[in-house]
Amino acid sequence: MNKSSEHDEQVAVVDYLHERYPGVLFWSTPNGARLASGRGKQAGKLAAIRWFRLVAEGALPGVSDLIIFEPRGGYSAMFVEMKRDDGGDGGSENQLWFLRQIEERGGFGVIAEGYEDAKTWIDSYLSGRTIK
């Protein structure tokens, strides 16, 4: 049996949000997007150049995968860092730093291990029942 990729898990969450919460404002931050096609040194160099340009435009390493811009339960917004349902890498240093920063600023952040975990956190947050 094949394990779902982080991409597949996030697409399922986005589909769920569109279906279950059509009026909720949310978006994805494509920090993990592939920035170059091909393989080898040239592709790596091209990816680095593109990332440098994005950072100059304001990209920030570690920004959560999904931002749900709806105030609930005393929080300003929800930030969801997606991982595979087996937990993946548990979050990079940059991702953990970012989650701490948004929580210090009144946001609610979670690392969701797959679709079901993300759905549970999102339902709890959007219903105002979130207790972390």
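This briefing describes the sheet, the helices packed on it and the aromatic pairs of one protein model.

The model is predicted: local features need pLDDT of at least 70, side-chain atom pairs count only at pLDDT 80 or more, and totals for chains, interfaces and linings use all residues. Residues are numbered from 1 along each chain as its sequence is written, and side-chain values use heavy atoms, with hydrogens and water left out. Helices (H or I, at least four residues) and strands (E, at least two) are DSSP runs, numbered from the N terminus.

**Confidence**

- The mean pLDDT of the protein is 87, and 89% of its residues reach 70 or more; pLDDT is the predictor's confidence in each residue, from 0 to 100.
- Among the elements, β2 has the highest mean pLDDT (97) and helix α2 (residues 40-56) the lowest (76).
- Where pLDDT is low, the predicted coordinates should not be read in detail.

**The sheet**

- Four strands form an open sheet in the order β1-β2-β3-β4, with mixed pairing; two strands pair if DSSP finds at least two bridges between them.
- At the edges are β1 (26-28) and β4 (108-113), each of which pairs on one side only.
- On average, neighbouring strands of this sheet are turned by 20° against each other, direction ignored.
- Between β2 and β3 the pairing is antiparallel, over three bridges, and M78 in β3 is the bridge partner of I68.
- Strand β3 (residues 78-83) pairs with β4 in the parallel sense over six bridges.
- Opposite residues in β4 are A112 for M82 and V110 for V80.

**The enclosed strand β3**

- Six of the six residues of β3 are buried, so this strand is largely enclosed by the rest of the structure; buried means under 20% relative accessible area, exposed over 50%, and partly exposed in between (1.4 Å probe, protein chains only).
- In a regular strand the side chains alternate between the two faces of the sheet.
- Both faces of β3 are covered, with M78, V80 and M82 buried on one side and F79, E81 and K83 buried on the other.

- The buried residues of α4 are G114, A118, I122, D123, S124, Y125 and L126, and they pack against α1 (6-20), β2, β3 and β4.
- After α4 comes G128, whose phi is positive, near 85°.

**Aromatic pairs**

- A search of the whole structure finds eight aromatic pairs; rings of Phe, Tyr and Trp (its six-membered ring) pair if their centres lie within 6.5 Å, and planes under 30 degrees apart count as stacked, over 60 as edge-to-face and the rest as tilted.
- Y16 and Y21 form an edge-to-face pair, 6.2 Å centre to centre with 80° between the planes, and both residues are buried.
- F108 and W121 form a tilted pair, 5.8 Å centre to centre with 50° between the planes.
- Because F108 lies in strand β4 and W121 in helix α4, this pair ties together parts that are 13 residues apart in sequence.
- F108 counts as buried at 1% relative accessibility, whereas W121 is partly exposed, with a relative accessible area of 23%.
- Ring pairs also link Y75, F108, W121 and Y125 into a cluster.

Definitions and conventions:
Axes fitted to C-alpha atoms, helices over the stretch in contact; angles between N-to-C directions. Contact = heavy atoms within 4.5 Å.
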